[in-house]
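Visitor: Pick one part of this model and walk me through it closely, please.

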Amino acid sequence: MKGHLLKNMENINRCFRCFKSGWLHESAADNRSKEFFSSVKNGAISFKPHSLIRICIAAASIIFIITTGAFSGIDTKTLFEQATEAYKSGNYGSSEMLFKKIADAADSEYRDRALYYHALSIYNQKKYKSALYEFNSFINDSRTVTLSNEARFWTGECYYRMKENLKAIEEYKRFISLTMEGPMVGDAHDRIGRIYSNLKRYEEAVIEWESALKKSSDKNRNAKRVVRIGGALYSSQKYEEAIERLNPILTSGADQEIVARARMILGGIYQKKGDHKKALVLLNSIPYSLLKRKTYQDAQYLKARSFIELGNQSSAKIHLDLYLQAGESGKYYYDAMYDLGMILSDGPEKDRGITLLENVYKSAKSQELRVKSSRRLSEIFLEKDPDRAIPYLEESINSDDPEKNKETLLFIGKSYIKVKKYKEAIRTLDRFIDKYPYDKNIDEVNFLRARVYLETGDVDRAMRLFEGIEKQNPFSSYVGEANFFLASMHYKRGNVKKAISLLNQYLGQPKIENRYGACVLLVRSYVQDGELQQAEKILNIIIKNFMKEKDADSPIYDYSMALQKAGRSPERYFNLLFNRFSESASTMKLCLMMGNENFQKKNYKKAEEYYLRYLNGLEKKDYETAFRNRLHCLYYMEKYGDVTGIIEREKPSGTGDRYSREILSLLVRSYYALKNYEKIYKTINNEDMKNLPYDDIFIYADSSLKMGDLASANDAARFISGKSGSYARLMCLIGSYHLKNNDYDEAEKTYKNVITEMPQIESSDLARIGLAELYYKKKRYRDALEKLDEIKAAGSMNNKTAITINCYFKTGDGKRASAMARNGLAQVLKSGFAKSVLKNCMRYFYKEKNPGEFSFYSKNLSMFKGQEPFINHLSGKMYFEMQMYQRSYAFFNQQSGMSNRLKKDSIYYLSRIALFHYKNLKEAESLLEKLDQITEPKDDQKLKIKLNLSIINKEMNRKEDSARYLKDVLKSNDRGNIRSQAENLYEAFGFQ
């Protein structure tokens, strides 16, 4: 039950919505429905809120009756009224069932009307086949003559809706013969007229509409019929009759839409008669609001056509755009697209015009439109893009003009030759000969055929055709041009002397088409014949007159190469190519040649310039070679950042493994030179290492170690031969990695393996250096010296000297160490231990209080980045102890401004210099208070600070503060010298 109620409420709501929206039945002749709903729409019948409620209740009752079958207690009249209400409200599904129930219930006065409206309900649901069956059944069974006659009209409507026009006409005419009068008779005539009009039987259509006029007194409907009659007369080209019928409508006071339709038809008529100004007056009178409707949108196109004829292209463009925006539903859609394309193709919006014309060519159903579009498109493309023009030319052959078709066929042949489609060219030219064998242009066609055979390599046939032109017509204008092509064929066959003779003969004629081509061919012929002087004369003619011609650089390049081969300077012509043809293929070949020559001579700067110019040009044949060689040039010039930047940006991918390996190798080595170890670590993988040189694998392993990845370094070692120097260097690096991480056992094991497995001096000495450094770190200085004595390789001498000096310093033989450092300083500075040696020398001469030697080594150490703290601090201490306070103050003051672990010590010394040397108590106090704030409580220096602050405050007669500082020291747990000093000062200052 609940389901029934929900469904019923839904139906009630639908009924209410249909009524509220003022929905009108659109059938041409359902007068009863129309009269009812027109009354509602026009306000003749009004419904108050309580009336709406009654309608909804009635609808609910209908649904309840239908769904439950509850007829008992409801009389037929009431049920008929409820069915009628459902029908009027547009609820045809419900009305269909109710009317059927009434018709089946009993033989009552409502039976015929119920059956009639039952069929109409089905019709209004657009179930025309079922409706037709019901109407025919009703006609056969009806006892009401007027209703059965009306049913005839509806059978005609059913056939009309089912597009069975002849049956529809038959039924409408039968209805008219039976009824003779009434509004539906006019509707029947209207419908027959519409069918005849659709079938382009305009005269018959006019007869029907005229009949409808005679049988109707409805002013607006009759005005519509007159407009239809005018339209039919216009379509049948009876313009004067159409004008005579339509003009009265303009002043008839008929509905705005009817008048607008009349104006549109009249505008079209005057347009056909060539009176475009009058056409525009009529068309412009149509309200803009109506132009947006489908019925009137064609007026925009008609206006555009008149503007085109009057030469007002800008106004035409506006109306064509508006018309096309409405979409393809317009009658003149593709006509408008063609007209707009024609307008735009001659102006700044040429590309859009081409697109529109191509759309017409591809999609329009009208052959005439397609031909016209193809002609215009072929005109556009012939000069700049003949290949694109050819399909349109082929389409334009379908013209009805035979002479035009012949010209088009010849031009298509020429166009195919121009775009090098020789197979199609021969087919087109042969077609011309077949169709027009005796045409006056036959020698031109044979000339063109000969050219095609020449281009396709059929030289014998081409020569026969060229020679045959003069035989067939000695006065033909193509004889001279034939000689040019004959010369080119002799040149190709190696008969350059014959070619030279024909070319000189050809160039001696006043009017020739291929003067430039003949000059180029003559230069090449003279070059091939070894006549460079004659070639130069013709080349100068090219330089003077034809430098703007396509490929004018080619003969200049050929001649310059011939000069170079003959041992003569081609510099003038090289400069000409570089200056006048900077982007040409010849110049690019020259750039590559010059780049290679300079690269071989190791003139990398110049080579790189030529390679860059080549790479920026259009020639790509040897792109990989130029790209790779340019990177090599930049690498050899130590422009490592440029190398990495170019490779990262362009991501080159070559056609060969060798090319890819070289690029990767240059990238890795450049990163290494830039110390960008992380990039190397992320760039190389195991697949790469299979093909990389040992040096690059070593670089990767070193980078892995610097990134803290020992495992990857060990993996890399597997790809290097165990007997190579690269392997020894790598294992020594791995040993150094262990040493740096204080893994002395692994380091010693690695170094000893290298010495054992690689007895070569260079390899084993690398390991001995590593062992010496290891022993030095472990303070086994004698073992280190013993291992250093075994080193013989020259490449290890610098490190040997440096470590030996350090060992002598550590064993207390400073005098020997310092002397060795002085004598071997050049070796020390080239070693990997230079900083430690220089520091040991400074420490030694600090103890010796030798400022001269101390300063000498400090200057050398200052060349290394980050050594300033050590130099400043030790210098300040030495000069302080030597009572050279001014110099000491300068070093400590510089040191105090740096953030490092020696900063506190420097401030402390500065305070002492201020206190005891400069007697500047305020500065000393300020420095010590600053130091007191940054010093840790357990730091002995803090106690020293407090002692000095106590002394300063006693000097400044601040006894309480002086005593306070001493008491802080005495409270500490210190039992050493500082406490004793505090006790002595406390007694001396009289604080007991």
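Guide: Let's start with the second largest pocket, which has a volume of about 1,400 Å³ (a pocket is an open set of points on a 1 Å grid over the protein atoms alone, where a 1.4 Å probe fits, with protein on both sides within 12 Å along at least five of seven lines; volume is the space filled by probe spheres on the points, joined across faces, edges and corners). The model is predicted, with local features needing pLDDT of at least 70 and side-chain atom pairs 80 or more, while totals for chains, interfaces and linings use all residues. Numbering runs from 1 along each chain as its sequence is written, and side-chain values use heavy atoms, without hydrogens or water.

Of the 34 residues lining this pocket, Arg451, Glu455, Phe484, Phe485 and Asn514 are the closest to its centre (lining means an atom within 4 Å of a point). Six helices, namely helix 21 (367–384), helix 23 (402–418), helix 25 (442–455), helix 27 (479–492), helix 29 (515–528) and helix 31 (553–565), each give at least two residues to the lining (helices are DSSP runs of H or I, at least four residues, numbered from the N terminus). Helix 25 gives the largest share, with six residues. By type, the lining splits into 15 nonpolar, five polar and 14 charged residues (Ala, Val, Leu, Ile, Met, Phe, Trp, Tyr, Cys and Pro count as nonpolar, Asp, Glu, Lys and Arg as charged, the others, Gly among them, as polar).

Now for some helix packing elsewhere in the chain. Helix 50 (residues 851–861) packs against helix 51 (residues 868–881) at about 170 degrees, with the axes 11 Å apart (axes are lines fitted to C-alpha atoms over the stretch in contact, and angles run from 0 to 180 degrees between N-to-C directions). That angle makes helix 50 roughly antiparallel to helix 51 (over 145 degrees). On the helix 50 side, Pro851, Phe854, Ser858 and Leu861 meet Phe870, Ile871, Leu874, Ser875, Met878 and Tyr879 of helix 51 (contact means heavy atoms within 4.5 Å). Eight of these contact residues are nonpolar, two are polar and none is charged.

Helix 51 also packs with helix 52 (residues 885–896), at an angle of about 155 degrees and with axes 8 Å apart. Helix 51 and helix 52 are therefore roughly antiparallel too. Here helix 51 uses Glu868, Pro869, Asn872, His873, Ser875, Gly876, Lys877, Tyr879 and Phe880, while helix 52 brings Tyr885, Arg887, Ser888, Phe891, Phe892, Gln894 and Gln895. The contact of helix 51 with helix 52 comes out as six nonpolar, seven polar and three charged residues.

How values were computed
Angles under 35 degrees count as roughly parallel, over 145 as roughly antiparallel, 65 to 115 as roughly perpendicular and the rest as oblique.
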